[in-house]
Amino acid sequence: MSEDYRSMWADLGLDLEAHDALLGVLGQAYQDIYLPQKNRPEAMGYFDFVMSEVHGLRIRELLDEKAAGRKIIGSYCVFVPEEIVLAANATLVGLCSGADFATEDVERLLPRNTCALIKSAFGFKIGKVCPYLESADMIVGENTCDGKKKAYESLNDLVENLYVMDLPQVKSKDGKALLRSEYNRFKAAVESLTGVLITAESLKEAIRTVNAKRAAVHRLSFLRKADPAPISGLDALLANQVFFYDNPARFTESVNKICDELEKRIQNKQGAFPEKTPRILVSGCPQAVPNWKLPMIVETAGAVIVGEESCVGERGTRNLTDEAGKTVDEMLDAIVDRYFQVDCAIFTPNADRLNHIQEMVAAYKADGVIHYGLQFCQPYLMEAIPVEKALEELNIPCLRIETDYSMEDVGQLKTRVEAFVEQLR
Ligand code: BJ8
């Protein structure tokens, strides 16, 4: 890493020693998990570069944007609408992380039985190792699960710029009205942060930008239906993870480039894995960078992941926003229509999610489903049981996994996943 980056991190207030340790672990994990994969598409080189510069070049770009007067907004949930952020001349970045950090300190603020995703958000703040968080002019929390909802009360003492968005828990008319009024309130807050009023033109352009980004991911997902699978689940997950960090237009272009290559691979029957490799759909909690544990285990056990029913995956990216609206109000309605379909397990009841899992099993020709639940995540662990039961009634094998970010259970998970893959053969 250049000296230039070190002074940038120091200016952001990072703890350089702790940050070096984090980058060391992250770089090693990437080398051990990503680089040994065989038959990777060449266009994944872009994502290798992005990961090597995830705390470097991208942060430099964000700081350049800030110097030019743009604001940076950080979020922990796919319910925070990027369209509104972009339309007010700000940039949205994801703040969730998939690694434990400063756990002992975190457990002084949060109960031990809090999910790893929440603990990790606190660990990255307390440990001063996240340049995205330190660059953000506004951090958006949302009232989703009880864990996050209550944790934001404590996070408010650690950061100066927390904005909390309320979210409905029921897909009713009133629930939708709440989302609409919360998006209105968010729009006003973003406008006041940036000093830029959202216009019909700026909102339309933002909707198009985010739709293009999602459409590129849809194209990538579509290509994963082929057998042999043209891309590994690990690589496709990485693209879904980078979705939250990268410059939107560049991301769209890079994913489309992978898709061009994958189309040729499919024509030539060239795969990341051989034809008839057991195909798995992963469903459940989001897997943020660098949480690659489960896909690494699955794909070294001789199966391929063909889809993610997850917020870092199809739950987060499916459905485009209608671009036809003419006024800001009409477009906000369209944005609400789009986001209100996100079937997060915090909703009750949440039958859409099960339907979506079944649709994905059929569309991606999955032989089985692995339900990925983070320990202490009540919404997804609670749903896992009826999901497993419903899938088994349809003769779709399902393996229910409950884990965290540590590597302690890798051996045990391997044994279970290998037995599951054997069953699928
Ligand atoms: S829309 S999935 S991104 S809330 S793992 S913190 S649910 S206890 S992340 Fe999520 Fe938005 Fe829903 Fe998606 Fe709580 Fe569970 Fe932890 Fe979770």
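Reply: Let's start with a definition: a residue is near a molecule or strand if one of its heavy atoms lies within 4 Å of it. This is a predicted model, where local features need pLDDT of at least 70, side-chain atom pairs count only at pLDDT 80 or more, and totals for chains, interfaces and linings use all residues. Residues are numbered from 1 along each chain as its sequence is written, and side-chain values use heavy atoms, with hydrogens and water left out.

Me: Which residues come nearest the ligand?

Reply: There are 17 residues around the ligand, and those that come nearest are Cys-115, Cys-145, Cys-311, Cys-344 and Cys-377. To read the shell by class, count Ala, Val, Leu, Ile, Met, Phe, Trp, Tyr, Cys and Pro as nonpolar, Asp, Glu, Lys and Arg as charged, and the others, Gly among them, as polar. Here the shell divides into 14 nonpolar, 1 polar and 2 charged residues.

Me: Now the sheets, please. In what order do the strands of the sheet with β6 stand?

Reply: Strands of a sheet pair through backbone hydrogen bonds, either parallel or antiparallel. Two strands count as paired if DSSP finds at least two bridges between them, and the elements are DSSP runs numbered from the N terminus: helices (H or I, at least four residues) and strands (E, at least two). In this model, 4 strands make an open sheet with parallel pairing, in the order β6-β5-β7-β8. The edges are β6 (304-309) and β8 (398-403); each has a single partner strand, so one side of each is left without a neighbour in the sheet. From one strand to the next, the twist averages 25°, with axes fitted to C-alpha atoms (for helices over the stretch in contact) and angles from 0 to 180 degrees between N-to-C directions.

Me: How many bridges join β5 to β6?

Reply: Strand β5 (residues 279-284) runs parallel to β6 and is joined to it by 5 bridges. For a pair to pick out in your viewer, take Ile-280, whose bridge partner in β6 is Ile-305.

Me: And what is the order of the sheet that holds β1?

Reply: That open sheet has 4 strands in the order β2-β1-β3-β4, paired in parallel. Its edge strands are β2 (90-94) and β4 (162-165), and because each has a single partner strand, one side of each lacks a neighbour in the sheet. The twist averages 30° from one strand to the next. Parallel strands β1 and β2 are joined by 5 bridges, including the one that pairs Ser-75 with Gly-94 of β2. Strand β3 (residues 138-142) is joined to β4, also in parallel, by 4 bridges; Gly-141 has Val-164 of β4 as its bridge partner.

Me: Why is β1 called largely enclosed?

Reply: Buried means under 20% relative accessible area, exposed means over 50%, and partly exposed is in between (1.4 Å probe, protein chains only). In strand β1 (residues 71-75), 4 of the 5 residues are buried, so the strand is largely enclosed by the rest of the structure. For another case, Ala-212 lies in helix α11, and its 33% relative accessibility makes it partly exposed.

Me: How many cavities does the structure hold, and how do I read them?

Reply: On a 1 Å grid over the protein atoms alone, a cavity is a set of points where a 1.4 Å probe fits but cannot get out, while a pocket is an open set with protein on both sides within 12 Å along at least five of seven lines; lining residues have an atom within 4 Å of a point. Points are joined across faces, edges and corners, and a volume is the space filled by probe spheres set on them. The structure holds 2 cavities of 30 Å³ or more. The largest has about 80 Å³ of space, and its lining includes Tyr-76, Phe-122 and Lys-148. Helices α7 (116-126) and α9 (146-155) each give at least two residues to that lining, which divides into 9 nonpolar, no polar and 1 charged.

Me: What about the second largest cavity: which element supplies the largest share of its lining?

Reply: Strand β6 does, with 3 residues. This cavity has about 50 Å³ of space, and among its lining residues are Arg-224, Glu-308 and Tyr-364. The lining of the second largest cavity splits into 4 nonpolar, 5 polar and 3 charged residues.

Me: Which residues lie nearest the centre of the second largest pocket?

Reply: Of its 29 lining residues, Leu-22, Leu-26, Gly-98, Ala-99 and Pro-290 lie nearest the centre. The second largest pocket has about 550 Å³ of space. Helices α2 (16-33) and α14 (293-300) each supply at least two lining residues, and α2 gives the largest share, 5 residues. By class, the pocket lining has 20 nonpolar, 6 polar and 3 charged residues.
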